[in-house]
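Open the model in your viewer and keep the sequence panel beside it. This tour goes from selection to selection.

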Amino acid sequence: MSETILEVQDLCKHFRLSARQQKLTHSPDRVKKAVDHLSFTAQRGEMFGLLGPNGAGKTTTLRMLATLLEPDSGDAIVAGASIRTQPEQVRSRIGFLTSELKLEECFTPNFLFDFFADLHQVPDQIRARRKEELFTRFDIHKFAEVKVANLSTGMKQKLSLVISIVHDPEIVIFDEPTNGLDVITARVVTNFLKDLRAQGKTVILSTHIFSLVESLCDRVGILIDGAMVRCGTLEDVCQGRTLEDTFFALYEERGNTL
Amino acid sequence: MKSGLWTIFRKELARFFGDKRMVVGTILLPGLLIFVMYTFMGSALTNQFTVDEDFIPKVGVVDLPDSLNQLAEGGALPLELVPVTDAEQGKAQVTGEELDVLAVFPDGFDQAVAAYTPASGERAPAVALYYCSARTESQTAYSMVAQLLDGYESTLANKFDVNSDQDGGEMYDLSNEDEAGASFLSSLLPMLLLIFLFSGSMAVAPESIAGEKERGTIATMLITPVKRSHLALGKILALSLIALLSGLSSTLGTLLSIPNLIPDTGEVSISLSYTPAHYAALAVVVLVTVLLIVACVSLLSAFAKTVKEAQTYVTPLMMVVMVVGMTAMFGDGASTQVWVYLIPFYNSVQCISGIFTGQLQPHLLALAAASNLCYTALGVWVLTRMFHSERVMFQR
Ligand SMILES: Nc1ncnc2c1ncn2[C@@H]1O[C@H](COP(=O)(O)OP(=O)(O)O)[C@@H](O)[C@H]1O
Ligand SMILES: [Mg+2]
């Protein structure tokens, strides 16, 4: 019954460090392996959580899936398109969001919606309906003509959410969805994710917050030092323990100390 | 549903024109400031270009007719007449600043004038006035004498001509070619235009490219399916339009203040007798030049992480372009060598000087325009590559 919509195949990515970066990270190597032979799949309609500490390679992985970074090797098939050979198709089928998605401050929500709808080539007939629907759902109408510079953080975040799904993507990729947000805005975001899932969309999110995975995700992949150390449903991965305990057991197993 | 190119182009314009301070600072202010500045500078310069009020020109005369001699002896003329026997010797005295003007009358002038009827269709008796336009005194003296003779002539019912040069080829202005040839406009305008267009680009391109990188908004566009080439070209076209408007404002300010900058001392005023073809040629040069400038500034900005950094990168280029613009002040008109028109920026300078001196050949203009368009296309291509590059867009 389930259909694989995302298939990550053996992705690798390293960064060449500048002398300054090398000094800053106290690293003896000139290269940093950010993602190391990573493979996993996600099924249509599920919420998949990529869990890992800071520096585990979550952002790098998601950026590769969004075709912003090119992998050294490996590939990923996103909604039928390869990130290596069909990046434009991939971009038109995904919505990519970070908690710090930046919008130009001098524009209004109305303008930005139309601008991104144009970039996504959303047909005019569909666009009006979609704008009405999304602006109503997120209560944007009342500040639709206010410049982004004058919006509160919560309003900005709502607008970012809307902008990321103007084109009604099949997959939404969200890097650290609640990072840096106050509790109320964070709640808006988690509700948004639940809504998406209820509509049958696939959500891939990354986080370092255990409770977020526990409350939202169907399946989880634990990422440490760029490698996937466990992947499966929450029950399979945790086997009766809490997610936090499971994570730290795996973390120390790999020779890391706290 | 619109093409990505048009969407980006419109967005860039909307961003610029939505910001009133940007519009005033980039488009309105430059022209206004230049106008005010040059107007003040002009009135200071005017004092240098005028002679003392009690100035009495020394006029050398060959074969002074009796009629004028009588006028002069009666003290009716505000001139000092100096009899000169030989015209060539007199000319040398004008160049040597011993005389201000040399008037050469034909033999038996009075009789010839009395005998002449305009209806006869024969040549009127002619007076030649030699002067030196590079010297303010000589220029002024020339105007005075010419006016006097004109007045005298009309009382005689148009019976003789002043500086008519019926044979052609006579040079009345004795200033050497360098002094008179390089007119103010053709020597200064290339540099001014380059500076104006460059400062227009500097005001918007770093902000639009490095600024968007700095604020992270370019990443938001990069996750949409928009083609990177459309992003690059859309930005460059929109920024060029804005830089063009800014350059236009500065140029307008300059042109409007020219009458104040150069006082009208007789014939020196710039003759703006250019044809539509001249203006079309100038428009072509300005257009391809602004595209190239914006492409260069955009490329440098794409390397930078912040607007400040971008401006640091761009400043040396501006210096280079300024120096290239200055070459027009020392050169002698447009070059006719073909390869010169392949050198970016220098070809623009050559074209502009050529247009103002009327020496530019159409095929050289076409070559310059085509080569600049090629360089711009190359710039767009590189910028596209940079938008593709994670190193450039997501560097830490
Ligand atoms: N542009 C870059 N240049 C150099 N190193 C980078 C770059 N981006 C990420 N890294 C390194 O790669 C590793 C993974 O980073 P990231 O994917 O951001 O981790 P996470 O999002 O899980 O915190 C980190 O060690 C980080 O320092
Ligand atoms: Mg991260």
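**Before you start**

This is a predicted model: local features need pLDDT of at least 70, side-chain atom pairs count only at pLDDT 80 or more, and totals for chains, interfaces and linings use all residues. Residues are numbered from 1 along each chain as its sequence is written, chains are lettered from A and ligands numbered from 1 in the order in which they are written, and side-chain values use heavy atoms, with hydrogens and water left out.

**Stop 1: ligand 1**

Select ligand 1 and its shell (residues with a heavy atom within 4 Å of it). The shell holds 15 residues. Gly55(A), Gly57(A), Lys58(A), Thr59(A) and Thr60(A) are the closest. Show both chains: residues from A and B surround ligand 1, so the site is shared between chains.

Now display polar contacts (pairs of N or O atoms within 3.5 Å; within protein, one must be able to donate a hydrogen and the other to accept it, and residues adjacent in sequence count only if both atoms are side-chain atoms).

- Thr60(A): a side-chain N or O atom is 2.5 Å from an oxygen atom of ligand 1.
- Gly55(A): a polar backbone atom is 2.7 Å from a ligand 1 oxygen.
- Ala56(A): a backbone N or O atom is 3.2 Å from an oxygen of ligand 1.

How much of ligand 1 does the protein bury? The protein buries 83% of the 550 Å² that ligand 1 exposes when taken alone (Shrake-Rupley accessible area, 1.4 Å probe).

Colour by element next (DSSP runs numbered from the N terminus: helices are H or I, at least four residues; strands are E, at least two). Helix 2 of chain A gives the most to the shell, with three residues.

**Stop 2: the six-strand sheet**

Select the open sheet of chain A with strand order 6-7-8-3-9-10 and mixed pairing (strands pair if DSSP finds at least two bridges between them). Strand 6 (94-98) and strand 10 (227-233) of chain A are the edges; each has a single partner strand, so one side of each has no neighbour in the sheet.

Zoom to strand 7 (171-175) and strand 8 (202-207) of chain A. They run parallel, joined by five bridges. Asp175(A) has Ser206(A) as its bridge partner in strand 8 of chain A.

**Stop 3: the four-strand sheet**

Move to the open antiparallel sheet of chain A, order 2-1-4-5. Strand 2 and strand 5 (81-82) of chain A stand at its edges. Strand 1 (4-16) and strand 4 (73-78) of chain A pair in the antiparallel sense over five bridges. Look for Leu6(A), opposite Val78(A) in strand 4 of chain A.

Finish on helix 2 of chain A, which also packs on this sheet, touching strands 1, 2 and 4 of chain A.

How values were computed:
Contact means heavy atoms within 4.5 Å. Axes are lines fitted to C-alpha atoms, for helices over the stretch in contact, and angles run from 0 to 180 degrees between N-to-C directions.
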